[in-house]
Amino acid sequence: MRDDPSVPGLVMRARIGDQAAWNRLVETYTPLLWSTCRRYRLSPEDSADVVQRVWMLLVEQLSALREPAALPGWLLTTTKRECLRLLRASQRHASRSDPLDDAASRLAADEDSTAVDRALLAAERDVALRRAFAELHPRCRRLLELLIREPPVPYADISAKLNMPIGSIGPTRARCLSQLRRSRALAQLLATEAETVEGGEEHARPLVDG
């Protein structure tokens, strides 16, 4: 799941009542919510309830989002929690239950929860990487952009575009990547992940105040 640079702007406009911005957010991320519900094997009716509740929760929390760019991760986490809440409620109200079916359901939910958590972590890393990239010198950003293009750009073309000797491209790339790794955005993310590994559990920083 890639971070959309237009998300912060849409969130800020939606906060002040821009209906077009809100509609764009709903149109963009509703498929993500539905696909998450499908991973939990919810019925279409239950999925519709979860999707509707997530958007209602966002209406309540929109003004409190700390990082508008992290909205996709917030939506994923909230949808996962709502799916699990609904599944637990269904199990409590079931009149009869097969222990083997319950065990299979819990295993499937655990596997899907792990997949969603991985997607959320990828989204957080993507946001941090974009911020780190923005901290680089423009010449470094331009060089790295050319080096990661598909199909690959020949070194001779890069040399001509940047007025850089071909022999300097490799060393300059190494220096730029070193600066990228030392950026504040990536340093904060790596520190958080290190604490998670050392503590043996995840301690996610809340996206909203309160």
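This is a short tour of a predicted model, stop by stop.

Residues are numbered from 1 along each chain as its sequence is written. Because the model is predicted, local features need pLDDT of at least 70 and side-chain atom pairs count only at pLDDT 80 or more, while totals for chains, interfaces and linings use all residues, and side-chain values use heavy atoms, with hydrogens and water left out.

**Stop 1: the disulfide**

Select C140 and C176. They form a disulfide, with sulfur atoms 2.0 Å apart. A disulfide here is a pair of cysteine sulfur atoms within 2.5 Å. A search of the whole structure finds one. The pair links distant parts of the chain: C140 sits in helix α6 (residues 138-147) and C176 in helix α8 (residues 166-181), 36 residues apart. Helices are DSSP runs of H or I, at least four residues long, numbered from the N terminus. Now look along the S-S bond. Its torsion is about -75°, so this disulfide is left-handed.

Are these two cysteines buried or exposed? Both C140 and C176 are buried. Buried means under 20% relative accessible area, exposed over 50%, and partly exposed in between (1.4 Å probe, protein chains only).

**Stop 2: two cysteines without a disulfide**

Next, select C37 and C83. C37 is in no disulfide; its nearest cysteine sulfur, that of C83, lies 3.8 Å away. C83 is in no disulfide either. C37 counts as buried, because its relative accessibility is 0%. C83 is buried too, with a relative accessible area of 0%.

**Stop 3: helix α7**

Move to residues 155-162, which make up helix α7. Which of its residues are buried? They are I158, S159 and L162. These cover an arc of only 100° around the axis, so they sit on the same side of α7. The arc is that of the directions from the helix axis to the C-beta atoms. The face away from the buried side carries the exposed residues A160 and K161. Show α6 and α8 again: the buried residues of α7 pack against both. Just after α7, click on N163, which takes a positive phi of about 55°.

**Stop 4: the largest nonpolar core**

Select W55, L58, L71, W74 and L75. Of the 27 residues in the largest nonpolar core, these touch the most other members. A nonpolar core is a set of buried Ala, Val, Leu, Ile, Met, Phe, Trp, Tyr and Cys residues joined through side-chain atoms within 4.5 Å. Helices α1 (7-15), α2 (19-39), α3 (44-61) and α4 (71-93) each supply at least two residues of this core. Which helix gives the largest share? α2 does, with seven residues.

Zoom in on W55. Leaving aside residues up to four places away in sequence, W55 touches W22, L25, V26, Y29, T30, L33 and L75. Contact means heavy atoms within 4.5 Å. Another core, of 16 residues, lies apart from the largest one, and C140, L146, L177 and L186 are among its members. In soluble globular proteins, nonpolar side chains tend to be buried together.

**Stop 5: α1 and a proline**

Select V7, L10, V11 and A14, the buried residues of α1. Look down the axis of α1. These residues fall within an arc of 100°, so they line one face of the helix. Just after α1, G17 takes a positive phi of about 95°.

Finish at P31, in helix α2. P31 is partly exposed, with a relative accessible area of 49%.
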